[in-house]
Amino acid sequence: MAKQEDLFKNVVSHAKEYGYIFQSSEIYDGLSAVYDYAQNGVELKKNIRDYWWKSMVQMHENIVGIDAAIFMHPTTWKASGHVDAFNDPLIDNKDSKKRYRADVLIEDYAEKLNQKAQKEIEKARGRFGEAFDEEQFVTTNERVKGYLDQKNAILQRMARGLESGDLADVKALIEELEIACPDSGSKNWTEVRQFNLMFGTKLGASADTAMDLYLRPETAQGIFVNFLNVQKTGRMKIPFGIAQTGKAFRNEIVARQFIFRMREFEQMEMQFFVKPGEEMKYYEYWKETRLKWHLSLGLGKENYRFHDHEKLAHYANAAADIEFNFPFGFKELEGIHSRTDFDLKAHEEFSGKKMQYFDTEENKNYTPYVVETSVGLDRMFLAVFSNSLKEETLEDGSTRTVLQLPSVLAPTKAAVLPLIKRDGLPELAKEIIEDLKWDFNVAYDEKDAVGRRYRRQDALGTPFCITVDHQTLEDKTVTIRHRDSMQQDRVAIADLRKIISEDVSMRNWLMKM
Ligand code: GAP
């Protein structure tokens, strides 16, 4: 655990030291759970967004993008159910005065049971070797069965309590499980209460005419209210999708873990409109397709898992998370939800406008069902960044810090370094930059010894360093150094564009899907 915490601390401090992420308004001691993306962070974030947009929008003929406003008519949120149901169940510990999400306390308890079961499974795998049949073991070993049955019973009871609004039973469950406050160890709890997560604001000049607005808590509603506009103007035929990326805001009470849970964050969402009855087929399709997208980045298959929801959101008939192994354990990275026709029907009812699709093949109107994929851009950033940060011990016993970002996402693709600051080498290095910058984000660095410059670029995550030396003046070749292998090759300046392009092109990375 201490190791995990250290790793996470390193992630946070590296992100600051190398210009990726700063605390918001730091000179005023910051604002809790709000962060700014710095000069390198903004490039990495943009590259992740572009990678998603390419794969989801531009590679699908039947998916288009929009960019809806953050402010929406307030009735939107009444219709979507957010005014009444976008709540977190909160509980306070009377001794420590700390506030927690009741569902998170219970889920953490259940996860501990799961971990106990997994430990037994791993032990048995070690004992039985190749012959190990996990499914049989899990269903027959009394101890493992006990842990898993207990875990499931707890989660089901919690889901029942939350869905039916029986918060007294949620509290009773916390007490029966003897869950203690992680801060003080006390079991002296208040009642469980619901707390709405939307931020309110006002539109208008005078207090009496001002209209109450909300900052959108998800981007999806901007898609739903534009469903018919896009379908008609784009002549879209079902099944089709509408995608967008943009800011969302939630008044998170338990906001911690750096950019994992923020009050202002960015989502990348896609609503896929399908014929009623076909939603499960597309739900499975998008689960699989989205996992493949994540895997294409090469962060390790073992770092992803699906988690099927017991407790469904107010709009869903099936939902799963893609969880990622963050430095603090497996947590939700992306959600895939089968949202039924809930949103379109609700908007039809509240606006009085028809939100139906006319199916020319079936010659009838219907309200489409929706399968949604929703991934947090900031969480993607954290997954990529934390997984890429490595401390390596080299052959000579020295260590280096290297940020092994997938090169397609790296903020700077190459740094061009004159070996020394004279003899025309800086001028030649700048000429190379002038040419490469048409295709890639490239940097120039002439400060310090070249070895130190390599280390700095390693820590920044730059996949290539190109060194210009005296031989370059004679034969127009340079040294190209690869970040991960540290291998150096002598290549012609004329070949640089091709070499870099092959390594960083979205085409080559997305082809791995
Ligand atoms: N439209 C569906 C929706 O908003 P969600 O599961 O609440 O579903 C989707 O959110 C994704 O948005 C999450 O999987 C997560 O990656 C990201 N997300 C949600 N709340 C967040 C927060 N407070 N900070 C950062 N990312 C968040």
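**Strand pairing, helices and local geometry in a predicted model**

Strand β19 (residues 414-418) runs parallel to β20, the two being paired over three bridges, where strands are taken to pair if DSSP finds at least two bridges between them. Within this pair, Ala 415 is positioned opposite Ala 443 of β20. The structure is a predicted model, in which local features need pLDDT of at least 70 and side-chain atom pairs count only at pLDDT 80 or more, whereas totals for chains, interfaces and linings use all residues. Residues are numbered from 1 along each chain as its sequence is written, and side-chain values use heavy atoms, with hydrogens and water left out. Helices (H or I, at least four residues) and strands (E, at least two) are DSSP runs numbered from the N terminus.

Both β19 and β20 belong to an open sheet of five strands, ordered β20-β19-β21-β22-β23, in which the pairing is mixed. Its edge strands, each of which pairs on one side only, are β20 (442-444) and β23 (488-492), and the twist from one strand to the next averages 25 degrees. Strands of a sheet pair through backbone hydrogen bonds, either parallel or antiparallel. Helix α15 (residues 450-460) packs on this sheet and touches β19, β21 (464-468), β22 (477-482) and β23, with its direction making about 170 degrees with that of β19. Helix α17 (residues 496-504) likewise packs on the sheet, touching β19, β21, β22 and β23, and its direction makes about 165 degrees with that of β21. For these angles, axes are lines fitted to C-alpha atoms, for helices over the stretch in contact, and the values run from 0 to 180 degrees between N-to-C directions; contact means heavy atoms within 4.5 Å.

The domain assignment of the protein chain gives domain 1 (87-193) and domain 2 (412-510), with bounds that come from an automatic or database domain assignment. The centres of domain 1 and domain 2, taken over C-alpha atoms, are separated by 52 Å.

Helix α7 (residues 142-164) contains 23 residues, which should span 33 Å at 1.5 Å a residue, and the 32 Å between its end C-alpha atoms agrees with this value; the expected span is 1.5 Å times one less than the number of residues. Its N-terminal end is capped by Asn 141, a side-chain oxygen of which lies 3.0 Å from the backbone nitrogen of Arg 143, and the helix is followed by Gly 165, whose phi is positive, near 80 degrees. Buried residues of α7 include Val 144, Leu 148, Lys 151 and Arg 157, buried meaning under 20% relative accessible area, exposed over 50% and partly exposed in between (1.4 Å probe, protein chains only). Among the elements covering the buried residues of α7 are β4 (87-92), α5 (102-128), α6 (134-140) and α8 (167-176). Helix α2 (residues 41-58), with 18 residues, reaches 24 Å from its first C-alpha to its last, close to the 26 Å expected at 1.5 Å a residue, and its buried residues include Lys 45, Asn 47, Tyr 51 and Trp 52.

Asp 343 is located in helix α12 (residues 342-351) and counts as buried because its relative accessibility is 1%. Its side chain makes a polar contact of 3.0 Å with the side chain of Gln 221, a polar contact being a pair of N or O atoms within 3.5 Å, of which, within protein, one must be able to donate a hydrogen and the other to accept it, while residues adjacent in sequence count only if both atoms are side-chain atoms. When residues up to four places away in sequence are not counted, Asp 343 touches Gln 221, Phe 224 and Tyr 315.

Strands β17 (residues 389-393) and β18 (residues 399-403) pair in the antiparallel sense over five bridges, with Leu 389 opposite Leu 403. Their hairpin has five residues between the strands, and Gly 397 in it takes a positive phi near 90 degrees.

Most residues other than glycine have a negative phi, and most peptide bonds are trans. Asp 29, in the loop between β1 (21-23) and β2 (35-37), has a positive phi near 75 degrees and counts as exposed because its relative accessibility is 75%. Asp 448, in the loop between β20 and α15, also has a positive phi, of about 75 degrees, but is partly exposed, with a relative accessible area of 42%. The peptide bond from Ile 238 to Pro 239 is cis, with omega near 5 degrees, and Pro 239 is placed in the loop between α10 and β9 (240-249).
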